[in-house]
Amino acid sequence: MTIDSSQRTAARVAGFVLLLLMAAGFFSQAYVPGRIIVAGDAAATARNIVASERLFRIAIAADVLIFAADIVMAVAFYLLLKKVNPGLALLALLWRTAQSTIMAVNGLSFLAASSVLSGAGNAGALSPDQLQALANTYVGAHAAGFNLGLVFLALGNGVFAYLLFRSNYIPRALSAWGVLAYAVMAAGNLATIVLSDAGDAAGGVMIQYLPAFFFEVIAGGWLLFKGVGTHGISWKMSRA
């Protein structure tokens, strides 16, 4: 399959944005929540949100930019892979757009938690214990929404990985690992939604994400620095 210049550009954009989002996502989705949210302790979480409100809100703003960039990356993958199967490439793009939308809207839960604890609106009529419980409810809702968004992320990226496997634009072993990794992520997050309390999901989410993490690091670096090649041709020749 011939690779044109627009596909090569799309591949490098996809790789660059993928690596950038991983670095930014570590800050806003792991580092900051890890410093502020204390699982099972609404009072400690509330105190941390109040004490680090600016950092908390910076992380929310960073997430908004991350999910906007997610769509840029999804469009780049679509442009790269639409020649392989336009229908599946469009489906993956739509699933990734749905994920970005869910995750962006999900940020309202963290904003609501911060607003409640700052005494905005009618929150001043509630007792401190009630404020902490309400804020903790919003934090739990954010965790549940994050699980939901990751299902759509896994579906979209899983299809993109499958199309990379079909195209042989990157080594088949790498793209096959991606398909498996996103299947694990989708199944794990669906199981979390069905079986687990949202507030206890953070550790499970990280474990479910690990296989995809390794795929994204290697695939992102490959697409950015090596670009797409004719791995499919060499593979077929080796089979001949």
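Trainee: How many salt bridges does the count come to?
Mentor: The count comes to 3 salt bridges. A salt bridge is a side-chain nitrogen of Lys or Arg within 4 Å of a carboxyl oxygen of Asp or Glu. This is a predicted model, where local features need pLDDT of at least 70, side-chain atom pairs count only at pLDDT 80 or more, and totals for chains, interfaces and linings use all residues. Residues are numbered from 1 along each chain as its sequence is written, and side-chain values use heavy atoms, leaving out hydrogens and water.

Trainee: Which residue forms a salt bridge with Lys-83?
Mentor: Asp-4 does, with the closest N and O atoms 2.9 Å apart. Asp-4 sits in the segment before α1 and Lys-83 in the loop between α3 (53-81) and α4, so the pair ties together parts 79 residues apart in sequence. Helices here are DSSP runs (H or I, at least four residues), numbered from the N terminus.

Trainee: New topic. Where is the kink in α1 centred?
Mentor: On Gly-25, with a kink of about 35 degrees. The bend is the angle between axes fitted to the seven residues ending at a residue and the seven starting there.

Trainee: And what should α1 span?
Mentor: Helix α1 (residues 5-36) has 32 residues, so at 1.5 Å a residue it should span 46 Å. The expected span is 1.5 Å times one less than the number of residues. Its end C-alpha atoms are 45 Å apart, which agrees.

Trainee: Now packing. At what angle do α4 and α5 pack?
Mentor: About 165 degrees, with axes 8 Å apart, for α4 (residues 86-117) and α5 (residues 128-167). Axes are lines fitted to C-alpha atoms over the stretch in contact, and angles run from 0 to 180 degrees between N-to-C directions. The two are therefore roughly antiparallel. Angles over 145 degrees count as that, and under 35 as roughly parallel.

Trainee: Which residue classes make up that contact?
Mentor: The contact of α4 with α5 has 29 nonpolar, 10 polar and 1 charged. Nonpolar means Ala, Val, Leu, Ile, Met, Phe, Trp, Tyr, Cys and Pro; charged means Asp, Glu, Lys and Arg; the others, Gly among them, are polar.

Trainee: Are α3 and α5 roughly parallel or antiparallel?
Mentor: Roughly parallel. α3 and α5 pack at about 25 degrees, with axes 11 Å apart.

Notes:
Parallel < 35°, antiparallel > 145°, perpendicular 65-115°, else oblique.
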